[in-house]
Structures are given as C-alpha cells and as structure tokens.
Amino acid sequence: MIVPMIKYAFLVYHRDFDAFLKNLQELGVVDIIRQNHELTDEDRVTLGRVNRFNAAIKALQLRQPQAGEFTSAEAIVDELEALTKEQEQQEIAIKKAQKELNEVLPWGNFNPEAIKELGDKGIKVRFFTTSEKSYSPEWENEMPIEVINRVAGQVYFVVLQQNEEIEFTYDAAELKAPLFSYSQKEEEIKQFEQRISEINVKLDQLAAGLPLLQQELTKMVNDLDFKEVAYSANKEANDSLMILQGWVPQPQNDELVKFLEKESIIYISERAAKTDNAPILLKNNRFAKLFEPIGALFTSPTYGELDLTPLFAPFFMLFFGFCLGDAGYGILLLLGATIAKFKVKKEMKPLLSLVQWLSVATVLFGAITGTLFGISLVDVDIPILDGFKKYIFDQNNMFNLALGLGAIQIIFGMFVKAANQIKLYGWVHSLSTFGWLLLLLGSAAVYGLSTKEGSEIQLFGNLHIGILAVAGIGIFFFNSPGKNPFINVGLGLWDSYNMATGLFGDLLSYIRLFALGLSSGILGNVFNSLAFGMSPDIPVVGAIITVLILIVGHSINLFMSALGSLVHPMRLTFVEFYKNAGFTGGGKGYTPFKKQNVNV
C-alpha cells in the first residue's frame with residue numbers, strides 16, 4: 001500500500017528561515033520539493049572533501065585498527081593519502097626490482113665490482129646467451145668461455161678477453177653486463193617490503209580514527225543537504241518571505257502540525273491528488289514488506305498507482321521454489337538463514353527472513369518433484385516413501401504446472417490492471433480490460449463445459465457468441481473512452497493483434513520455471529554420479545574424495561541455481577506481470593529532510 005501524502009507550503013520570514021530549517025531537519029518528516037541550483041565554489045570544495053572522506057573511510061574499513069593519535073579528521077585524510085601514495089610507489093619499485101632481479105638471476109650472485117677491477121687490469125668480461133641446441137662444448141676449447149648457468153633451455157656464459165677485441169662468430173646473443181648482483185637486488189626488495197610493512201602499521205593506526213572521519217563526513221553531508229533545501233525556497237516580497245514546499249506522510253501529519261503551531265509558522269496544506277508527483281512510501285504487512293527491496297530494483301510505482309509488492313510477492317516466492325526445486329537445497333538455505341539471524345545486525349534480518357520464505361517454497365517444490373540433493377525419490381527403494389511416490393509430479397505435470405502458474409499470474413495481472421484503471425481514471429476506462437478478461441475466461445469456461453459428455457454448450461454456440469459479443473463491445477468501443485468510435489474500433493483491432501501475440505509469448509515465458517527446475521535436479525544428479533563413480537576403492541581415501549566432490553559439486557550447483565532462481569522470477573515479475581498489470585512506475589521514494597548518520 002502507498003501511504004497517503006499531504007502537500008505543504010511553509011511561509012517563513014527570512015530572518016527566521018535558517019532556524020526553521022534546523023528545527024525542520026531535527027524533526028525529519030518532511031520530504032522537501034527541491035529545485036535545481038548552480039553549485040557555489042564553497043559547495044564544490046565541500047563536495048571534494050566529501051569524496052576524499054568517502055574514499056578514506058572505505059580504505060580504512062579494510063584495516064585492523066591499532067591505537068593511534070590524531071589531531072583532526074583532516075590530518076587523518078592527509079596522512080592517509082600521503083601514505084597510500086608512498087605505498088603505491090614502493091609497490092611499483094618492487095615490481096621494477098623484481099623484473100631486474102629476474103634478469104640477473106641466471107648470472108648468479110656475482111660481484112659487479114670484481115668485473116670492474118678486471119676491466120681496470122685489461123681483462124674484459126663479455127656476457128652471452130644461446131639455446132641448449134645451439135651451444136657446443138667445443139667452443140670452450142677454442143675460446144676462454146665459462147658457462148655460468150643453464151635455465152629453461154638457455155645457456156648463459158661469459159667470454160674473457162684481454163687487451164684486443166676477440167671476434168665472436170658463434171650463434172649467441174651478447175648481453176649487457178649486469179650493473180648489480182642478485183643479492184644486492186634482493187636486499188633492495190627487502191628494504192621496499194620493510195617500508196611497506198611500516199606503512200601498513202601506520203595505516204592500521206589511522207583506522208582507529210574511523211569514528212572521527214565518520215562524524216566529520218556526516219556533518220558535511222548534513223550541511224550540504226541543509227544548503228540544498230535552503231536553495232529550494234522561493235523568495236517573495238522583496239526577499240523578505242521564504243516559501244518552501246514539501247510532502248509529509250499522513251501518519252506523521254499531526255506531529256508536523258504540532259511543530260508548526262509551536263514555531264508559529266504560517267502554512268498551507270492539502271491532500272495529495274492521484275496525479276501529483278508525490279513521493280512514495282510503502283506500507284505493507286510483514287510478509288509483503290520483505291519483497292519491497294525486490295520491487296525497488298525495478299522502480300517505484302507512481303503515487304496514483306496500486307502498490308504491486310503484495311500482489312507479486314506470493315508468485316515470486318513460488319517461482320523461486322519452482323526454479324530451485326530441490327528439498328535438500330531448501331533445507332540448507334532455511335537452516336543457514338535461521339542460524340545467521342542470531343548473528344547478523346538488525347538491518348540484515350529482513351533479508352534473511354526473505355531467504356527463509358524462499359527456502360520454504362524450495363522445500364515445497366522439492367517435495368512435489370521428489371528431489372533431494374539431486375536424488376530422485378521415485379527411484380529410491382525406501383518403503384516409507386512408497387505411499388508418497390504417487391503424489392510426485394513427473395516432467396509433464398511440472399511443465400503443465402509452469403504454464404498453469406503463468407496463466408494464473410497473467411489473468412491476475414489483468415484484474416490488477418482493471419483495478420488500477422478504475423483507481424486512476426474511473427470505471428469506464430476499465431471496460432476494455434474487463435472485455436478481454438470476459439473473452440479469455442468465458443471462452444475457457446465454455447470450452448471446459450463443452451468437453452463434458454452430453455453437454456449442450458458448444459464453442460461458438462449461442463452462449464459463446466453472446467460472451468464474445470459483450471466482450472467485443474468492451475474491447476472495440478471502450479479501449480479509449482471519449483474518442484471517435486471509428487478510432488476506437490481501429491485501436492481495438494491493434495490491441496487484438498498485440499494481445500493475441502503478446503499473451504502467447506508471455507505464457508511461453510513461464511516455461512523457464514520448468515526448465516530451470518529440471519536443470520537444477522539434473523546437475524545435482526550428475527555431481528552425485530561423479531562423486532560415487534570417480535572415487536577409488538581405497539576405503540578412507542575413497543570416502544574423502546566422494547565427500548569432497550559432493551560438497552564442491554553441490555555448492556556450485558546451489559550457487560548457480562539460486563542465482564538463476566532469483567533472476568528469472570524477477571524477469572517474469574518485471575516484464576510479464578508488470579506489463580499485464582498495466583504498471584507505469586517511475587515514482588520517487590520518500591526521502592525526508594533530516595539529519596543523517598552516513599555509513600560508507
């Protein structure tokens with residue numbers, strides 16, 4: 001249900017305006033109608049600080065806080081940015097040093113100074129490399145060669161020469177003489193790593209200042225929000241009168257009126273009309289409220305529309321269970337969510353309650369299909385299950401059930417569409433939708449009665465023709481009330497084409513419920529076969545391998561199947577159901593002007 005809204009216009013003397021806004025922010029019930037404005041230089045500076053503090057908090061939340069001292073929140077951010085920059089430089093230096101280390105690794109831990117001393121005495125050391133195939137030991141008899149290393153099919157060797165240049169004609173590539181030894185570069189890397197460790201210690205100390213950063217960030221965000229609301233006021237009477245507009249939910253109206261009378265504020269109020277662009281605040285029962293985050297993934301309804309959350313919630317739950325369709329997986333999810341509810345924060349408990357409901361649906365459909373961790377209970381020889389097996393659905397029954405659930409949701413959506421049309425425009429605008437419902441349901445009823453033995457009711461008989469005639473009046477003459485009848489007939493023909501093709505395509509979309517449920521069971525069975533078929537006959541080892549394959553395999557299947565079981569019911573909800581329900585959407589959520597505790 002969408003909570004009714006009341007629109008307010010506040011008239012405040014300009015000298016009292018800031019004090020009024022502060023008190024209104026403390027009250028925190030009015031959603032201000034905000035106006036676009038150009039940011040000032042001061043606002044841009046504050047936004048820059050907000051971004052810096054956001055980034056700092058996110059970075060420090062990953063640290064392990066240690067005792068530290070700070071002079072201010074700004075000092076924490078400055079030091080964090082400096083340390084982070086230095087850490088990045090040290091990491092780049094390590095990568096560069098590691099690359100250089102790999103280059104000198106084949107030459108071993110030599111002393112570059114010794115090479116230099118030999119050069120001063122007229123002995124030059126030249127460095128070469130070639131492949132194992134190209135290198136010949138005969139070279140060592142012809143020239144002063146010393147093989148230093150053989151790595152990955154390459155031979156690394158040096159040639160000594162004295163005074164004059166020796167012409168080297170063999171198949172080898174000459175390399176530049178290394179400027180440092182392996183141990184020198186290793187020591188350099190250790191120094192970089194030591195500095196990074198010191199930086200990490202300082203970052204952990206800075207993490208102790210998170211509450212201070214959070215407090216300063218909250219203050220900046222609230223100040224920016226305050227200024228944005230102040231900019232949204234219209235100035236009248238030579239800027240001496242400030243007029244501010246906003247919305248308040250009807251349940252909080254008395255609280256606001258008491259505040260305004262206490263502050264002696266002049267105001268004008270009126271109940272929001274269906275066509276107003278009022279903010280959306282949903283109020284549902286405990287079950288439907290759990291599904292509000294799912295609806296919010298698409299969009300909120302407009303103020304005049306029906307809230308579809310309690311209407312799609314039961315279907316979504318059933319569709320999830322249909323797609324996952326394994327009683328074992330449902331039991332695991334139910335137990336996991338139940339245990340987690342005792343350990344998580346209060347904000348996370350509704351999400352886990354949603355998982356519990358979805359798990360119950362999964363257990364239900366697992367029982368209907370007789371599937372437990374990929375095992376088909378129909379094929380299991382357990383006497384206690386013999387009486388239950390006759391109730392298990394086969395693949396044909398599940399296919400028909402998927403189409404049946406789809407047909408029910410589509411028809412239900414059309415009833416919702418008619419109710420929406422009555423709510424927004426009046427009952428006349430719903431006659432076309434009711435015409436289609438009469439045509440579909442009436443024709444289905446006539447067909448069902450005609451199949452009974454001895455029945456005088458026939459398709460396209462007098463009763464059926466009467467139903468079609470009444471339905472046709474609604475479809476072809478009331479699809480757009482107020483327009484020329486000939487235009488209505490043309491629009492009716494176009495709607496007939498769209499309905500004929502659209503309803504068929506929408507109905508076929510629900511086959512995905514059957515396909516996903518079937519694939520989940522098949523994959524579970526495949527992992528069972530792998531676990532027991534690939535394990536060796538060694539008593540202990542075989543059992544361990546079997547258990548590992550079962551755990552890993554079913555974990556993968558549960559994750560993939562649960563993901564698909566969320567995505568595809570959402571698709572059926574947001575496309576098939578919303579379309580047939582005539583859902584428009586595009587509403588803006590209710591966001592009252594109040595002081596916020598910003599959590600990054």
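Q: Where does L468 lie, and why does L468 count as partly exposed?
A: L468 lies in helix α17 (residues 462-477), where helices are DSSP runs of H or I with at least four residues and strands are runs of E with at least two, both numbered from the N terminus. Because buried means under 20% relative accessible area and exposed over 50%, with partly exposed in between (1.4 Å probe, protein chains only), L468 counts as partly exposed at 26% relative accessibility. This is a predicted model, in which local features need pLDDT of at least 70 and side-chain atom pairs count only at pLDDT 80 or more, while totals for chains, interfaces and linings use all residues. Residues are numbered from 1 along each chain as its sequence is written, and side-chain values use heavy atoms, with hydrogens and water left out.

Q: Which residues does L468 touch, not counting those up to four places away in sequence?
A: Leaving those neighbours aside, L468 touches L439, S443 and F460, contact being defined as heavy atoms within 4.5 Å. L468 and L438 are 30 residues apart in sequence and 8.0 Å apart in space, C-alpha to C-alpha.

Q: What makes the span of helix α13 close to the one expected?
A: Helix α13 (residues 349-369) has 21 residues and reaches 30 Å from its first C-alpha to its last. Because the expected span is 1.5 Å times one less than the number of residues, the value to set against this is 30 Å, and the helix is close to it. Its buried residues, including L352, L358 and F365, pack against α10 (292-296), α11 (309-324), α12 (327-340), β10 (371-372), α15 (395-425) and α20.

Q: Which residues have the most contacts inside the largest nonpolar core?
A: A nonpolar core is a set of buried Ala, Val, Leu, Ile, Met, Phe, Trp, Tyr and Cys residues joined through side-chain atoms within 4.5 Å. The largest has 31 residues, and F10, F20, L24, L244 and L256 have the most contacts inside it. β1 gives the most to this core, with 5 residues.
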